[in-house]
Amino acid sequence: SASNSSFGGTPGSAGSLRLAQSPRSPLAVRAAFARPSSGGTLAMRLVSVISANIIGLHSSASVSRVNISPDVIASDVSATVTLLDAIARSHIGVVSFHGDRFLVTFNATRQCAAHASHAVKSAVAFLTDARVNVSVGVATGRCAVGSIGSFATKCMSVVGPAVSQAAAMERVAKACALSDPHRRVGRARPGGGSESTAASPLSPSTTINFAKRGSVVATHRVVADIAGAPVVARYIDMVHLEGWNGSRATAVAELFPVAGGGSPTPGGG
């Protein structure tokens, strides 16, 4: 995740080119590209990543459909960022965003034990409490973490398959949300072999009907790492995902929030 950026650069020494122009002038740009890059420092860490998006913001703001005021868009994005940042902070995560696309990292720039569990709890809390419909993807894996960039601009970054996998899961989540906003999880039978697997113990007769048009989808590795989390995982597909050693098929699951104590989160018809 890109958290902090630093902008550097020192004036030329005696005898070298001195830039009196604006930093955006062509001369300044050419000089900046001429400087050698200082690279950066990366370290390998196991991290978990959330990728999230507001569903339908672009289409609803389109003039060809409904002309929504920019103030409304700004209000929705601001409220979403405020909520996600509060949730992520409570789970030792770090948020970055660009427009209506959000990235949250766990155990990258801040140390976080049980980071997959924190990521899933954050994801389902975000889905439940957001005032807009959201699609959320969660992935976990080994990534390179550190400060990288050019001589002039550096930022804390996370580089690795977990980032692109979380983005892929977000796209699957959006497809789930748009295809069936009133989908139901049937009988949850811990131990696998059925349509649902419970990450936390549930009665065999438990059913969850999650009516909100939104979704959280995670890779199998995430589901395997979150024993005891208050969610039910319903495996929905096999997806080819890129890793450090190439592409391979992995099972992916939609996660449904469950209230503390094993009772399902209230949902509509």
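This is a short tour of the model, stop by stop, with something to select at each one.

Before you click, note that the model is predicted: local features need pLDDT of at least 70, side-chain atom pairs count only at pLDDT 80 or more, and totals for chains, interfaces and linings use all residues. Residues are numbered from 1 along each chain as its sequence is written, and side-chain values use heavy atoms, with hydrogens and water left out.

**The whole chain**

Start with the cartoon view. Of the 269 residues, 43% count as buried. Here buried means under 20% relative accessible area, exposed means over 50%, and partly exposed is in between (1.4 Å probe, protein chains only).

The chain exposes about 13400 Å², and carbon and sulfur atoms supply 56% of that. The areas come from the Shrake-Rupley method with a 1.4 Å probe, and for residues only the protein chains shown count as cover. As for contacts (heavy atoms within 4.5 Å), take those between residues at least 6 apart in sequence: 69% of them join residues at least 24 apart.

**Helix α5**

Select residues 161–179, which make up helix α5. Its end C-alpha atoms are 27 Å apart, which agrees with the 27 Å that 19 residues should span at 1.5 Å a residue. That expected span is 1.5 Å times one less than the number of residues. Colour the buried residues next, among them P161, Q165, M169, E170 and C176. What lies over them? The cover includes strands β2 (40–54), β4 (101–106), β5 (134–149), β10 (215–219), β11 (231–243) and β12 (246–257).

**S48 in β2**

Stay with strand β2 and pick S48. Buried or exposed? At 1% relative accessibility, S48 counts as buried. Show its side chain and look for two polar contacts: one reaches the side chain of H115 at 2.8 Å, and another joins S48 to the side chain of T140 at 2.9 Å. A polar contact is a pair of N or O atoms within 3.5 Å; within protein, one must be able to donate a hydrogen and the other to accept it, and residues adjacent in sequence count only if both atoms are side-chain atoms. Leaving aside residues up to four places away in sequence, S48 also touches residues including V104, F106, A119 and A139.

**The phenylalanines**

Select F97, F102 and F126, which form one aromatic cluster. Searching the whole structure gives 2 aromatic pairs. Rings of Phe, Tyr and Trp (its six-membered ring) pair if their centres lie within 6.5 Å; planes under 30 degrees apart are stacked, over 60 edge-to-face, and the rest tilted. The F97 and F102 ring centres are 6.2 Å apart with planes at 35°, so this pair is tilted. F97 is partly exposed at 45%, while F102 is buried at 3%. F102 also pairs edge-to-face with F126, at 6.5 Å centre to centre and 75° between the planes. Because F102 lies in strand β4 and F126 in helix α4 (residues 115–129), the pair ties together parts 24 residues apart in sequence.

**Cysteines and a last stop**

How many disulfides does the structure hold? The count is 0, using a cut-off of 2.5 Å between cysteine sulfur atoms. Two cysteines to click on are C112, buried at 2%, and C143, buried at 0%.

Finish on A74 in helix α3 (residues 70–90), which is partly exposed at 45% relative accessibility.

Notes:
Helix = DSSP H or I, 4+ residues; strand = E, 2+ residues; numbered from the N terminus.
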